[in-house]
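I opened this notebook to record what I looked up in the structure, entry by entry.

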Amino acid sequence: MPPVPHTPNVPRRDAQLVTLPPDLEAGLGRIELHTAPHGIVADLDLAVCHTCHRGVIEHVRTDPPHRRRGHGRALVTAALRRGTGYAWSTTRVDTAGAAAFWAAVAPNLPHQPAYCAHMRRAAALEP
Ligand SMILES: [Zn+2]
């Protein structure tokens, strides 16, 4: 069977999400997207507080050759699932590309990180 061409904006079938939990409650965790044979091609950092029902997504990143395949969307969806119904925000959006990404993927998230006291305390304690 000939190889099936990859359709843009659809995650590759071999994409695998790997979650690295934070060392501390409400600390910074990471979700990575791995593909074979490239390894990690996209990731994001996130802080989730299950006491305050709050989450902050930081630094969504996809290697340039692997963009426009839905990896960023898959990562953000996985992040939001870690706190369904929570008050989510992102770090500041400072490029047109980032603004377009968020408009397409999660248009209602404020781009002003709303860290709670638990997140700030964890961030101060983490190396
Ligand atoms: Zn909190």
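**Strand pairing**

I looked up the pairing of β2 and β3 and found it antiparallel, over 8 bridges. The model I consulted is a predicted one.

I noted that β2 and β3 make a hairpin, with 3 residues between them. Within this pairing, G29 stands opposite L46 in β3.

I then checked strand β1, residues 16-20, which pairs with β2 in the antiparallel sense over 5 bridges. Here T19 stands opposite I31 in β2.

**Helix α1**

Which residues of helix α1 are buried? I listed H71, G72, L75, V76 and A79, in a helix that spans residues 71-81. Seen down the axis of α1, these buried residues fall within an arc of 130 degrees, so they line one face of the helix. An α-helix has 3.6 residues a turn, so residues three or four places apart point the same way.

I also looked up what covers the buried residues of α1; the cover includes β2 (28-35), β3 (39-49), β4 (54-62) and α2 (96-105).

**Overall form**

I recorded 3 helices and 5 strands for the protein. Along the sequence they follow the pattern β-β-β-β-α-β-α-α.

I compared the radius of gyration with the globule rule: a compact globule of 127 residues would have a value near 14 Å, and the protein has 15 Å, which agrees. The C-alpha atoms fill a box of roughly 55 × 30 × 25 Å along the principal axes.

I noted that 22% of the 127 residues count as buried. Of the contacts with a separation of 6 or more, 51% join residues 24 or more positions apart.

Key: Residues are numbered from 1 along each chain as its sequence is written. This is a predicted model: local features need pLDDT of at least 70, side-chain atom pairs count only at pLDDT 80 or more; totals for chains, interfaces and linings use all residues. A residue is buried if 20 or more other C-beta atoms lie within 10 Å of its own, exposed if 12 or fewer, and partly exposed in between; C-beta atoms are placed from the backbone. Helices (H or I, at least four residues) and strands (E, at least two) are DSSP runs, numbered from the N terminus. The arc is that of the directions from the helix axis to the C-beta atoms. Two residues are in contact if their C-beta atoms, placed from the backbone, lie within 7 Å. Two strands pair if DSSP finds at least two bridges between them. The radius of gyration is taken over C-alpha atoms; the globule rule is 2.2 Å times the number of residues to the power 0.38.
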